[in-house]
Amino acid sequence: MSALAYLGDAVYEMQIRLHYLLPPRTAKQYHQLVVNQVRAEQQANLLEKLDLTESESDLVRRGRNAAGSTPRKVSPHIYQKATGLEALIGYLYLTNPDRLDQIFIQLISYIDANDNST
């Protein structure tokens, strides 16, 4: 599970970076926009907004349970939820790219609806 979360973290960040690519911004602006979305707190929040299947929810649960040591500035509960989302993304990246696209449509839709900086 930790390998799936590791992969999912990279895929998630890449998708967020691609999302904010246009309109052109300064490097500092890009960085701040992306950091706001890849924080564990935001990932945990976004996880709550997703419409997941039963098997996807089970995978998230197993990903949460596999979360390693918690960073000092994040509660264990938040960190576990973020790790669960990353595990799901990593799994779908490897097994079901079409479903991953659907998940990212949900995520980006929620981000855009709540983002005043785009």
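**Helix packing and buried residues**

Mentor: Let us begin with G90, which lies in helix α5, residues 76-95. Please keep in mind that this is a predicted model.

Trainee: Is G90 buried or exposed?

Mentor: G90 counts as buried, because its relative accessibility is 0% and the cut-off for buried is under 20%.

Trainee: Which residues does G90 touch, leaving out those up to four places away in sequence?

Mentor: G90 touches L4, L7 and G8.

Trainee: What about α5 as a whole: how far does it reach from its first C-alpha to its last?

Mentor: It has 20 residues and spans 28 Å, close to the 28 Å expected at 1.5 Å a residue.

Trainee: Which residues of α5 are buried?

Mentor: The buried residues of α5 are K81, A82, T83, G84, L85, E86, A87, L88, I89, G90 and L92.

Trainee: What covers them?

Mentor: The cover includes α1, α3 (40-49), α4 (54-65) and α6 (97-113).

Trainee: K81 is on that list of buried residues. What is its relative accessibility?

Mentor: The value for K81 is 13%, so K81 counts as buried. Beyond its neighbours within four places in sequence, K81 is in contact with A44, L47, E48 and R64.

Trainee: Let us turn to E56. Where is it found?

Mentor: E56 is found in helix α4. With a relative accessibility of 7%, E56 counts as buried.

Trainee: Which residues is E56 in contact with, apart from its neighbours within four places in sequence?

Mentor: The contacts of E56 are D51, L88, L92, R99 and I103.

Trainee: Is the crossing left-handed or right-handed?

Mentor: The crossing of α1 past α2 is right-handed.

Trainee: Which residues make the contact?

Mentor: On α1 they are Y12, E13, I16 and R17, and on α2 they are V34, Q37 and V38. The residues of this contact of α1 with α2 divide into four nonpolar, one polar and two charged.

Trainee: How far apart are the C-alpha atoms of I16 and L33?

Mentor: They are separated by 8.7 Å, and the two residues are 17 residues apart along the chain.

Trainee: What lies between α1 and α2?

Mentor: The loop between α1 and α2 contains P23. A cis peptide bond joins L22 and P23, with omega about 0°.

Trainee: And how do α2 and α3 pack?

Mentor: They pack at an angle of about 55°, with their axes 5 Å apart. That makes α2 oblique to α3. The contact is made by N36, Q37 and V38 of α2 and by A40, Q42, Q43 and L46 of α3. The residues of the contact of α2 with α3 divide into three nonpolar, four polar and no charged.

Trainee: Which residues of α3 are buried?

Mentor: They are A40, Q42, Q43, A44, L46 and L47. The cover over them includes α1, α2, α4, α5 and α6.

Trainee: Last one: where is V74?

Mentor: V74 is in the loop between α4 and α5, and it counts as buried at 15% relative accessibility. Not counting residues up to four places away in sequence, V74 touches A40, E41 and Y79. The C-alpha atoms of V74 and A40 are 7.5 Å apart, although the two residues are 34 residues apart in sequence.

Technical notes. Residues are numbered from 1 along each chain as its sequence is written. This is a predicted model: local features need pLDDT of at least 70, side-chain atom pairs count only at pLDDT 80 or more; totals for chains, interfaces and linings use all residues. Side-chain values use heavy atoms; hydrogens and water are left out. A crossing is left-handed if the near helix is turned anticlockwise from the far one by less than a right angle, and right-handed if clockwise. Helices (H or I, at least four residues) and strands (E, at least two) are DSSP runs, numbered from the N terminus. Contact means heavy atoms within 4.5 Å. Ala, Val, Leu, Ile, Met, Phe, Trp, Tyr, Cys and Pro count as nonpolar, Asp, Glu, Lys and Arg as charged, and the others, Gly among them, as polar. Buried means under 20% relative accessible area, exposed over 50%, partly exposed in between (1.4 Å probe, protein chains only). The expected span of a helix is 1.5 Å times one less than its number of residues. Axes are lines fitted to C-alpha atoms, for helices over the stretch in contact, and angles run from 0 to 180 degrees between N-to-C directions. Angles under 35 degrees count as roughly parallel, over 145 as roughly antiparallel, 65 to 115 as roughly perpendicular and the rest as oblique.
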